[in-house]
Amino acid sequence: MEKEQEECSDWNLIPEPVLLKIYFQLSPREILNAGETCRRWCDISRDDYLWRKVFKRDFKVDKNIGLKPGAESWNTEFKRLTNNIPMVLTDVLTEHSHQVLHVSFSHNGKYFATCSKDGFVIVWTSTYPSKPVFSHNMKQFSWKYTQYSQFNQSDTLLLVSGVHFGSPQTSSGEIAVFSVQPDSQLRCRILNRPYDIFGTWFSDQFLISGDIHWLAHLVSTSILWLNKANQEIDSEHVPIMNQLYKFYNRNGSSIRAVMIANCPWLEEEETEEKGATTSEVFLEPSTSFDDDKCAGNPLSHTKMANPCPSTSSQHMETIDIPYQPLANLDYASPIHYSDEFRREYEDSHCESSDDCLEDDEEEMFDEDDEDLENLCPKYLIFSLGSKTYTPHQIGFKRIKHVNFPKKMDLGPSLKERIAQRIRERQANEPRIEYDWQNYEAVADRFDKVDKLIDLHGHIIGMGLSPDHRYLYVNSRPWPKGYVISNPMEPPPIAQEIDIHVIDLATLKRVGTMLRAHKAYTPNTDCFFIFLDVCENYVASGAEDMHAYLWDRFYGVCLAKYQHTEVVNSVAFNPRDNEMLVTTSDDYKIKVWRSVEKAKALGLDTEKCAVEFRTLMK
């Protein structure tokens with residue numbers, strides 16, 4: 001009897017398309033609750049067409065963007081962006097006594113290191129609850145503070161970069177390398193000027209540092225050095241450093257924020273062919289919005305389905321992006337990727353640099369046998385200036401044929417050098433005077449930059465995707481059309497931070513997110529806001545007392561993480577994308593985990609970050 005009443009119920013007579021429209025008006029939780037009513041409603045609640053519409057409605061994803069390659073369904077993607085992003089505050093670490101400037105993870109995900117203006121570097125365990133493993137007070141070496149750290153590929157050594165005591169305008173810095181173990185020991189110290197070169201690992205046992213020499217008014221040269229991480233003195237004839245590159249700087253600028261990208265897609269023959277014609281490239285801003293899109297900048301989501309026409313045939317129509325920002329949330333805009341990025345996204349995960357890393361790992365533990373000549377193809381990446389001294393360009397240099405001498409060339413003795421100087425004086429040969437202001441006249445004395453991309457704004461942060469295929473850059477834009485008349489007076493910069501995405505396979509911009517997050521300091525006091533990229537997400541600090549998280553594929557902002565002061569740095573656990581660490585000027589280090597991970601640890605899930613999906617309803 002009850003079965004007959006159920007079959008005759010008016011609810012069972014409702015056509016499925018009508019039920020889908022009703023379901024679409026419900027919240028995700030209400031859809032799941034309705035699915036427990038009967039088998040028919042349960043099947044409809046699992047319909048992937050329904051979850052596609054709910055997904056794009058709640059996360060404000062453009063209708064032209066398809067399902068992420070490799071994803072099972074829209075339903076599972078909704079669950080991922082709800083339950084599997086770092087959201088729950090699980091640790092608040094307060095051991096630092098001053099502003100915390102940087103955080104970095106070991107490659108195995110077991111540790112993370114933090115740097116602070118209190119002069120300490122602290123290494124923590126990543127398991128809950130996080131605890132200090134070891135720390136070093138760098139003020140004993142006359143450091144003002146620590147600013148940056150990076151683990152080598154085998155996680156046996158830690159590079160720490162800092163600033164020396166001196167005047168407020170000092171540019172002197174130093175790099176220290178420590179062993180990663182409970183009784184951590186200092187392995188070496190290396191001069192690093194200017195300090196915001198930071199330094200980076202070139203390979204497992206070699207690192208890059210910098211130095212700067214002034215040649216003339218507003219003209220200098222940046223020299224990058226390749227250094228051995230272990231500098232025990234076995235013999236006075238064993239070299240510990242070798243010059244890698246020497247670059248020309250104009251208008252008071254210098255090389256900054258160096259990093260190394262492993263690029264297995266760089267074939268030697270193709271590189272040699274390009275090397276014959278490459279030179280220093282200065283990209284001028286496009287005067288046409290349409291031309292700029294066709295030059296490799298990102299298309300709007302609306303235009304992703306259409307190929308970019310050539311500039312000679314016709315102009316693209318300017319289409320407004322359908323995303324509607326909320327009041328006070330305008331910095332939560334999505335990343336706008338080009339169609340080229342969408343096509344290459346799945347391939348880029350297959351062609352990752354992991355192959356290079358695996359090859360390097362086979363020999364990385366024997367430092368004496370490390371072969372620098374046969375390492376994975378690499379790009380040296382750095383920021384620099386040209387029109388003004390503030391960094392507004394990204395430079396790329398293809399690294400090849402690196403040779404580190406096994407034995408030091410002693411050169412002439414002191415007696416021989418004195419004799420040579422006497423002979424030169426007697427010959428009365430005129431001293432060669434170089435016109436350092438004229439780059440063309442002295443270009444043969446410097447290494448050329450293979451490619452320069454001008455972002456027309458103050459660059460304040462860079463981060464590589466895990467496969468080293470994409471470079472994400474934080475930049476504070478200049479006013480459009482601003483003319484720089486004095487290189488020592490850089491243009492005013494916007495309060496908003498833009499994020500640019502550069503494909504290292506083509507060296508073109510394939511994505512841009514405008515007004516991503518906030519910064520307030522003027523151009524003369526601008527500092528680094530570090531960002532990090534994992535397989536699924538992008539995160540960045542900001543000066544508005546929050547960190548932000550975006551999904552890499554869909555480009556939408558998912559969450560913001562609250563502090564009480566500027567958030568300087570963020571870092572994902574490379575082995576667990578559901579764990580994020582943020583550091584701030586409020587002296588605190590906060591560890592965030594996903595709802596699922598927090599529940600598995602038996603933790604309270606009430607202390608959460610702000611979920612943008614709930615704010616945008």
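**Reading salt bridges and a sheet**

Reader: Which residue forms a salt bridge with D576, and how far apart are the closest N and O atoms?

Author: In this predicted model, D576 pairs with K597 in a salt bridge, and their closest N and O atoms are 2.9 Å apart. The two residues link distant parts of the chain: D576 is in strand β28 (residues 576-584) and K597 is in helix α14 (residues 595-600), 21 residues apart.

Reader: Is D576 buried or exposed?

Author: The idea is to compare the relative accessible area with a cut-off: buried means under 20%. D576 has 19%, so D576 is buried. K597, with 30%, is partly exposed.

Reader: How many salt bridges does the structure hold?

Author: There are 12. One of them joins D91 to R593, with the closest N and O atoms 3.0 Å apart. D91 sits in strand β1 (residues 88-93) and R593 in strand β29 (residues 589-593), so this pair ties together parts that are 502 residues apart in sequence. D91 counts as buried at 6% relative accessibility, and R593 is buried at 5%.

Reader: Which residues are linked in a network of salt bridges?

Author: Look for E77, R80 and D551, which are linked in such a network.

Definitions and conventions. Residues numbered from 1 in each chain as written. Predicted model: local features only at pLDDT ≥ 70, side-chain atom pairs only at ≥ 80, totals over all residues. Heavy atoms only, no water. Salt bridge = Lys/Arg side-chain N within 4 Å of Asp/Glu carboxyl O. Helix = DSSP H or I, 4+ residues; strand = E, 2+ residues; numbered from the N terminus. Buried < 20%, exposed > 50% of the residue type's maximum accessible area, 1.4 Å probe, protein only.
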